[in-house]
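Keep the 3D view open and find each part as we get to it.

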Amino acid sequence: MKGALPIVDMGAFLEGSTGDAAAAREMEKACREFGFFYAAGHGVGRETVRALKEASARFFALPGASKMKIPLARGGRAWRGYFPLGGELTSGVPDLKEGLYFGEDLDASDPRVTAGWPLHGANLFPEEVPELAAAVRAFMAEAERAAHAIIACIALSLGLEAGYFHSRYTSRPTLLFRIFHYPPTAANDAHWGVGEHTDYGLLTLLAQDDVGGLQVKTSQGWIEAPPIPETLVCNIGDMLDRLTGGYYRSTPHRVRNTSGRERYSFPFFFDPAFDAEIEPLPARAGLNEDDSTTRWDKSNVHAFTGSYGDYLLGKVAKVFPDLARDVRISSRP
């Protein structure tokens, strides 16, 4: 595997600057060539990540019966809680990982909850590892701040005002967070921790441990995206691909843990508001080519019309078909 993902410094954006032209140029190059990059100067604290890793390791070391006290089925329409090894599918194939699903922590009085919006509600936390709740909340708050800075840089890289996405899509973003545990597998095992896929929304921020195993598909083939201290791995999702008319492509990636060690990863998904109508950006409407023949799932994201919630629910239904039976996919917020 050849090549290396670029590193883009977000420091100026976090400091409240109206923009950093050099960083925007680097961002455009990274998004055009890879759809992936490392974010430095992102503002997520080292201690925040350390506390999250330690609490997560303690949770996944619990007996199965203890972990199953907070199953996804208990989270209902909010899709919050634990799923066991093989409980999540990619392209219909069970992944070799277990995980916890979280999101923006909303109480029953929130209008989005009273309206019955899927993927909105309260988080479920394990009683056996009480420190996990604080660790998740701290990471999500810092990751959201970082995501707002990164999406401002992406806006500038597209020739837009820094606040373009915030004013139209992310003033009230859909925030989803996952903690994944990948047990080690043999080097000759053909099964993937998670198979080839793209992410659904605008932007993903990933904190990794030091084990590695993430691979990114490029024009030259698959490359490793190893952990780099003090950085987050970031990638474009399907909705940014759709908004830019394919100028920025959502990039397939996958995970296989052959390290002989336990692997933990922490993807934070920063996506459009659930009810945001997805339309091409200015000057990008004519670029909506059908790329289904080259996409991993043979779908055409540029044919999609409707709200982000419509798109997300259709995708989640394929990941957790049992849970999706309880949610009316055609429902609109």
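## Before we start

What you're looking at is a predicted model, so local features need pLDDT of at least 70 and side-chain atom pairs count only at pLDDT 80 or more, while totals for chains, interfaces and linings use all residues. Residues are numbered from 1 along each chain as its sequence is written, and side-chain values use heavy atoms, with hydrogens and water left out.

## The big picture

The protein chain comes to eleven helices and 14 strands. Both kinds of element are DSSP runs numbered from the N terminus: helices are H or I with at least four residues, strands are E with at least two. Of the chain's 333 residues, 56% count as buried. Here, buried means under 20% relative accessible area, exposed means over 50%, and partly exposed is in between (1.4 Å probe, protein chains only).

Pro118 is in the loop between helix 6 and helix 7, and it's buried, at 3% relative accessibility.

## Helix 7 and the cores

Helix 7 has 27 residues and reaches 39 Å from its first C-alpha to its last. That's close to the 39 Å expected at 1.5 Å a residue, where the expected span is 1.5 Å times one less than the number of residues. Just after this helix, Gly159 takes a positive phi of about 80 degrees.

Now look for the nonpolar cores. A nonpolar core is a set of buried Ala, Val, Leu, Ile, Met, Phe, Trp, Tyr and Cys residues joined through side-chain atoms within 4.5 Å. The largest has 81 residues, and those with the most contacts inside it include Leu132, Ile150, Phe177 and Phe268. Which element gives this core its largest share? Helix 7 does, with 16 residues. A second, separate core has 18 residues, among them Leu5, Tyr182, Leu206 and Leu214.

## Strand 9, covered on both sides

Six of the six residues of strand 9 are buried, so the strand is largely enclosed by the rest of the structure. Leu203, Leu205 and Ala207 are buried on one side, and Thr204, Leu206 and Gln208 are buried on the other.

Which way does strand 9 run relative to strand 12 (residues 232-236)? They're antiparallel, joined by four bridges, and Leu206 has Val233 as its bridge partner in strand 12. Strand 9 also pairs with strand 14 (residues 263-271) in the antiparallel sense, over six bridges. Two strands count as paired if DSSP finds at least two bridges between them. In strand 14, Phe266 stands opposite Ala207.

Zoom in on Thr204, which sits in strand 9 (residues 203-208) and is buried at 4% relative accessibility. Its side chain joins that of Asp199 in a polar contact of 2.7 Å. A polar contact is a pair of N or O atoms within 3.5 Å; within protein, one must be able to donate a hydrogen and the other to accept it, and residues adjacent in sequence count only if both atoms are side-chain atoms.

## Salt bridges

How many salt bridges does the whole structure hold? A search finds 16, each being a side-chain nitrogen of Lys or Arg within 4 Å of a carboxyl oxygen of Asp or Glu. Glu88 and Lys97 make one at 2.7 Å, N to O. Are those two buried or exposed? Glu88 is buried at 7%, and Lys97 is buried at 1%.

Arg137 and Asp105 meet in another, at 3.6 Å, N to O. This pair links distant parts of the chain, with Arg137 in helix 7 (residues 131-157) and Asp105 in the loop between strand 6 (98-103) and helix 6 (111-114), 32 residues apart. Arg137 is partly exposed at 47%, and Asp105 is partly exposed at 38%. Elsewhere, salt bridges that share partners join Glu47, Arg50 and Glu54 into one network.
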